[in-house]
There are 2 protein chains.
Amino acid sequence: MSQATRVPQEQRTRAMRTRLLDATVELLAERGFAGTSTTLVSQRAGVSRGAQLHHFPAKNDLVVAAVEHITEARGEALKEAAGALPEGGQRTRHVLAMLAEQVTSPVFAAALELWVAARTDEQLAAAVGPLEQRIGRELHRATVELLDVDESKPGVRELVQATLDLVRGLALADTITDDAARRERILDHWAEVLERELR
Amino acid sequence: MSQATRVPQEQRTRAMRTRLLDATVELLAERGFAGTSTTLVSQRAGVSRGAQLHHFPAKNDLVVAAVEHITEARGEALKEAAGALPEGGQRTRHVLAMLAEQVTSPVFAAALELWVAARTDEQLAAAVGPLEQRIGRELHRATVELLDVDESKPGVRELVQATLDLVRGLALADTITDDAARRERILDHWAEVLERELR
DNA sequence: AAACAAACAGTCAACCCTGACTGTATATTT
DNA sequence: AAATATACAGTCAGGGTTGACTGTTTGTTT
């Protein structure tokens with residue numbers, strides 16, 4: 001039992017952390033920030049309370065780590081979605097659809113919970129702020145690339161940013177009323193505007 | 001003391017409720033939904049716990065009423081701002097500035113807290129959903145009027161809605177990063193686009 | 001003016017959540 | 001193979017929040 005080292009501690013640690021963070025994201029999306037008690041997380045993750053507190057001494061530690069976890073998850077999802085993007089005339093509309101899909105996922109809901117929680121929690125804000133700024137920049141760069149537009153042209157940068165903010169706004173509205181039809185109509189027209197204004 | 005009825009109960013009731021709801025909105029903006037304990041509200045309002053529980057038996061009752069209170073407050077603010085709106089060439093840009101100002105106020109922060117809380121609270125959602133839909137319609141109508149555009153023209157309706165969602169998105173981004181400069185630049189360009197697209 | 005109802009004040013018990021503590025098992029190092 | 005450090009398990013006390021309870025004042029009705 002001692003010479004045959006089957007499971008290195010590093011892997012065990014990573015697996016344990018991943019389970020905890022996945023559970024945290026799930027609960028954030030399902031029950032919100034306040035509803036995500038550390039006890040629930042340990043239960044959902046199938047991890048003992050002691051083990052949880054070993055990896056994340058306080059709830060803030062757990063949640064901050066979950067933000068980073070969310071970031072990676074969002075990055076992966078974006079890359080995957082970008083790869084499956086069709087070429088052709090409707091490309092702008094497809095890019096918008098992809099962005100909209102991104103922000104209607106549970107991952108966005110979890111992130112939203114963190115943004116709002118961070119608004120009134122300095123500690124959290126200190127961790128979430130820089131992270132979101134980084135993600136924002138990456139998303140902007142990716143969007144410019146996907147849309148294949150020339151950012152040196154005046155106004156283009158602002159319109160791309162407006163597009164991302166619009167999508168966020170639509171996602172926010174979606175959390176309460178949830179009518180996809182309205183969103184689709186708006187994005188249809190927005191795509192047309194972008195086609196005219198960006199070229 | 002008994003024949004001179006100075007303060008009717010109806011007024012007293014209304015004053016008491018107003019104080020409680022104002023305090024609730026303040027605390028929602030300052031401390032978030034979870035941080036808004038009913039005890040804090042009664043303290044902030046200068047109202048005894050018993051009086052508070054007389055008017056609002058449970059926290060949900062208080063918060064739902066606060067939503068309605070927020071609605072009225074937003075309506076008033078909108079009317080005031082609309083009255084002070086300058087005429088002339090830059091009108092579109094001024095309307096955008098007005099909308100942006102609306103959603104960067106503490107009232108918006110309080111509303112945001114409620115939206116997010118309602119996302120994982122059925123009871124709250126049942127009260128917040130219809131209310132927000134009503135406000136949304138009113139705001140849309142007011143914006144169409146302020147921008148003085150023809151809604152029968154195809155695409156106009158969607159662009160106005162997109163504008164409102166964009167502003168919401170900007171407001172959401174503002175709660176974490178708070179850079180007004182970026183917002184102004186985006187709205188500058190969006191105003192130009194709207195001028196071209198809506199006419 | 002008396003009876004009644006509503007508004008209001010203060011206290012408190014039950015509940016849940018966080019994080020600290022003690023003990024055990026597993027992995028790594030020498 | 002022994003020693004040591006880390007990972008993990010279960011329990012529990014402290015703090016805070018909700019809403020129920022009792023008593024008092026003020027307004028209304030007859």
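Is L62(B) buried or exposed? L62(B) is buried, because its relative accessible area is 3%, where buried means under 20%, exposed over 50% and partly exposed in between, with a 1.4 Å probe and protein chains only. This is a predicted model, in which local features need pLDDT of at least 70, side-chain atom pairs count only at pLDDT 80 or more, and totals for chains, interfaces and linings use all residues. Residues are numbered from 1 along each chain as its sequence is written, chains are lettered from A and ligands numbered from 1 in the order in which they are written, and side-chain values use heavy atoms, with hydrogens and water left out.

The description may begin with chain A. It has nine helices and zero strands, where helices (H or I, at least four residues) and strands (E, at least two) are DSSP runs numbered from the N terminus. The C-alpha atoms of chain A fill a box of roughly 65 × 40 × 30 Å along the principal axes. Of the 199 residues in chain A, 48% are buried. Among the contacts in chain A with a separation of 6 or more, 66% come from residues 24 or more positions apart; contact means heavy atoms within 4.5 Å.

The same surface serves both copies, since 100% of the contact residues of chain A recur in chain B.

Q161(B) counts as buried because its relative accessibility is 9%. Its side chain is joined to that of R182(A) by a polar contact of 3.0 Å. A polar contact is a pair of N or O atoms within 3.5 Å; within protein, one must be able to donate a hydrogen and the other to accept it, and residues adjacent in sequence count only if both atoms are side-chain atoms. Beyond its neighbours within four places in sequence, Q161(B) is in contact with R182(A), R185(A), I186(A) and H140(B).

Within chain B, attention turns to helix α4, where L62(B) is found. Leaving aside neighbours within four places in sequence, L62(B) touches L20(B), L21(B), T24(B), V41(B), Q52(B) and F56(B). The axes of helix α4 (residues 59-83) and helix α7 (residues 122-147) of chain B come within 10 Å and cross at roughly 5 degrees. Therefore α4(B) is roughly parallel to α7(B), as angles under 35 degrees count as roughly parallel, over 145 as roughly antiparallel, 65 to 115 as roughly perpendicular and the rest as oblique. The axes are lines fitted to C-alpha atoms, for helices over the stretch in contact, with angles from 0 to 180 degrees between N-to-C directions.

A further buried residue, Q102(B), has a relative accessibility of 18% and lies in helix α5 (residues 91-103) of chain B. Its contacts outside four places in sequence are R74(B), A77(B), L78(B) and F108(B).

Finally, D178(A) lies in the loop between α8 (156-176) and α9 (180-198) of chain A. D178(A) has a positive phi of about 60 degrees although it is not a glycine, and it is exposed, with a relative accessible area of 53%.
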